[in-house]
Amino acid sequence: MERSARLRSGLLVLWVFLVGSLASAQVDLSGSWVPRDSRTGNNLNAVDYTGIPINDEARIRALSYAPAQISMLERQCQGWPPYYLAIGPFGIKIWPEMEMVRGATISWTIGAWEDRLPTQIWMDGRPHPSRNAPHERGGFTTGRWEGNTLVAYTTHMKAGALRRNGTPSSDEATMITRFIRNGDRLTVFAVVEDPIYLTEPWMLTKNFQLDASPLSPVGPPCTPAFEGAAGAGRVPHFLPEKNPFVGELTEWFGVPREAVLGGSETLYPEYRKKLKDQYVRPEKCLHDCGGPAR
Amino acid sequence: MTPRHLLGATLIMLAVLVPPAVAEGQGRGRGGPPPGSEPRLSPRQIAPADLTGYWVSVVTEEWRYRMLTPAKGDYQGLQLSAEARKIADSWDPAADEAAGHQCKSYGAPAIMRLPGRIHIVWQDDTTLRLVADAGTQTRLFRFGLPQPAGPRTWQGASAAQWETLGGGRGAAPSPAPGASLRVVTLNMRGGYLRKNGVPYSEDAVLTEYFTVAPLPSNGQALIVTTVLQDPRFFPQPYVVSSVFKKQPDASGWDPTPCSTTW
Amino acid sequence: MRSDARNGVLAAVALCLAVYVYSGGNPLQGVMAQTRLQGDDAAAAGDLDVIQLRPNVYMIAGAGGNIAVQTGQDGAVVVDSGSAAMGDLVASTIRRLSEQPIRYVINTSAEPDHVGGNVAVSKAGQTLFTLTGAGAAGSAAGLDGLTNGGAAAIVAAEGVIARMSAPTGRVAAFPTSAWPTESFSHARHTMFLNGEGIEILHQPAAHSDGDSIVFFRRSDVIVAGDILNTTTLPMIDVEKGGSIQGELDALNRLIDMAIPSIPIVSRDAGTYVIPGHGRVFDHFDLVDYRDMVTIIRDRIRDLADAGMTLEQIQASSPARGYMRQYGATSGSWTTDMFVEAVYKTLPRETSQ
């Protein structure tokens, strides 16, 4: 082969090699990821807004929430918005959808739970739907890689609850989720913004570990059944100032009432100065202590 | 296009895109340069993320276990061995105070979970220094050097490296932009994972991942994922992530001494 | 040679940029900066926002009230027509969606932002009525009158034509060419077009006395009109016969009609509900909205039963918790107006 032609060929091969090696700063997220997170409790009390930067509107709505709402026939199969991925107790199955010409990833899908729809993260640059479009239970999510981190942006979520005690989120909430893989560990870092109910972004984390046992990509079917909640046209709720559970966290654990009701101020170290004068540590644990029955 | 011009175009592309990858290879000691050639790049020089600065904890999870000292015997959600539960159930802060163990709940496995501020700087090109105002604790993350032997301390001895994961076709692994800092800490004194006496032993191995992520409105978050392996007290590894927000300066910096009760 | 050198440099720069972008380093700041919503582009271009809900059912937003369009071989069926100023644009938008002419315009109420486009949209269409055979020429004038000059028919509940027209000697709110050509007084009016049944259901005393709900049965799309406004608290026009109980009855009826994706909850499916204003809803969204209205009603009733006056009730903000998203302190429909409408039309029994 002529020398210049050989040089051209060699340079072309070099270009292809460099493009291939430099353009693939991504990781494989596929597999079954079981929850490996030691966070406590999932805040089981009926009135517990600690750690959430809620505003007054959210607080009032939350205080009006009666747990019996979840027993309403119309709500039993409602499920959670996509941010429940970072709150709920289950593992996740992740798989890519790929086109078979160039092998590009069209989307990553995070499988469903019994009360959370699949999250499909579109990687093909498609725009989010119109403001007037329906909000599906799974929201609408697009994604891109930042180095080895998959960054997903979710809009069009439905209104829901940040905690099962009815701390509200609106249908204007959005979420950025980062999937950070370190070895066989996956850290999900979610930032929820809600112009209606939050005064600043709410940050959540959850940790998973890759496991050989396959997780199901779908949840079980849901069939509503009468559970004794209020009849047609009635909505269980508490009138203003009438929530009977407001003092529970204070009574059980000594948490000052102001802190129980949440808010941005309570998230930062400075708030401990206020707490120090108000908090009396209970002599010993009497409720939800963990471990075997004592 | 002549081969000469094609060569020129190729060199332009190489000059723009390749130096970070080559520098990482040198910094990780891969195939080290022959004596007398260019010096290897330091961990500081190849850092794929900037961890330096002031960071404030944002307590959105396990609020009452972190912002308050819980009651004795409150370890809900933690899987503890029987021995660990016995220790937790007999927590005596006054005894800790008398024994000079005020900082027992400020050790490396716990310090990142306490509300407070941290300040991270490069002490030198191979050492990151992290100072926490809660308990005025200092941690040193050393890159690539053997850990010094010596007495056990609350903060132990930490070995750091930038995480790598995979690589392109035919390329050597290198820290991608935004990669985490992996820190493994040994040689710790046994301490408290929570302020109410939930223990970890001196046999514990602590692995942490420090990851920087942008936040909306030009902010930055630092996510610290803690993996504590301590089979004596925890049948399963203890895993949590703690979140910090970057501050522009030292506002709110509030060094406070260790406390057994608060 | 010079050109070859330039081309080589340009090729290298282009390839560098492609590699940079492809590998995740994006010149734009962050994921959110890249995100645009469909509809934003349309709005910027002065177009309407067209959302396809089913293969042959669309919602058009941005012309006043929301508009629904069903297309097919029988011709387009349009529910509401937007405001008068947007009528031509609505008509041209529908022409892009439907190969066949507009056959029917169905009005859900007599609100100007729902009927204002009637003239333009119906005139852009074509009546199903034709005349053939002997006597066709002599009856043409009568047919013109019946069909508004051969335009598409306009269908609505009787209350709508009553609002749009006027007693003799007064000025009608709308020109005659905008009035319904077919009105009905029964509770359920039906058609079968484009392969599906279409129900027009009179819903009394909700937003007003002339509201209708339109249900495309096979497409499983409900058009709710101003019974449902997803951007404000419900508009209850007391003077036109609206009431809080009627509004709640209407919302509960919509909930009964809409079916969510159960038992298979791992997919998004089910009935769509097009509101008079705002985004498309489904069953779960309706439940949230209905519950909000119920809770606020309960609060107002509790205060009224305790003897508080309207002004005292308004001052106590019974819509707290929902104000930021649905409330208003100014404009054509404020929170205080809603509270007043509820207060005035509350049934006075004390049990739920």
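Residues are numbered from 1 along each chain as its sequence is written, while chains are lettered from A and ligands numbered from 1 in the order in which they are written. Because the model is predicted, local features need pLDDT of at least 70 and side-chain atom pairs count only at pLDDT 80 or more, whereas totals for chains, interfaces and linings use all residues.

Let us begin with chain B, where 9 strands close into a barrel in the order 1-2-3-4-5-6-9-10-11, with mixed pairing. Neighbouring strands of this sheet are turned by 30° against each other on average, direction ignored. Helices (H or I, at least four residues) and strands (E, at least two) are DSSP runs numbered from the N terminus, and two strands pair if DSSP finds at least two bridges between them.

In the loop between strand 9 (205-215) and strand 10 of chain B sits Asn218(B), which has a positive phi of about 65° although it is not a glycine. Asn218(B) counts as exposed, with 9 C-beta neighbours inside 10 Å.

Now turn to chain C. The axes of helix 9 (residues 244-257) and helix 10 (residues 283-305) of chain C come within 9 Å and cross at roughly 160°. Axes are lines fitted to C-alpha atoms, for helices over the stretch in contact, and angles run from 0 to 180 degrees between N-to-C directions. That crossing angle makes helix 9 of chain C roughly antiparallel to helix 10 of chain C (under 35 degrees is roughly parallel, over 145 roughly antiparallel, 65 to 115 roughly perpendicular and the rest oblique). The residues of this contact divide into 9 nonpolar, 3 polar and 3 charged; Ala, Val, Leu, Ile, Met, Phe, Trp, Tyr, Cys and Pro count as nonpolar, Asp, Glu, Lys and Arg as charged, and the others, Gly among them, as polar.

Helix 10 of chain C also meets helix 13 (residues 335-345) of chain C, their axes coming within 10 Å and crossing at roughly 60°, which makes the two oblique.

Finally, two loops of chain C deserve a glance. Pro263(C), in the loop between helix 9 and strand 12 (272-277) of chain C, is joined to Ile262(C) by a cis peptide bond with omega about 5°. Asn194(C), in the loop between strand 8 (188-193) and strand 9 (196-203) of chain C, has a positive phi near 55° and is buried, with 22 other C-beta atoms within 10 Å.

Technical notes. Buried ≥ 20, exposed ≤ 12 C-beta atoms within 10 Å, placed from the backbone.
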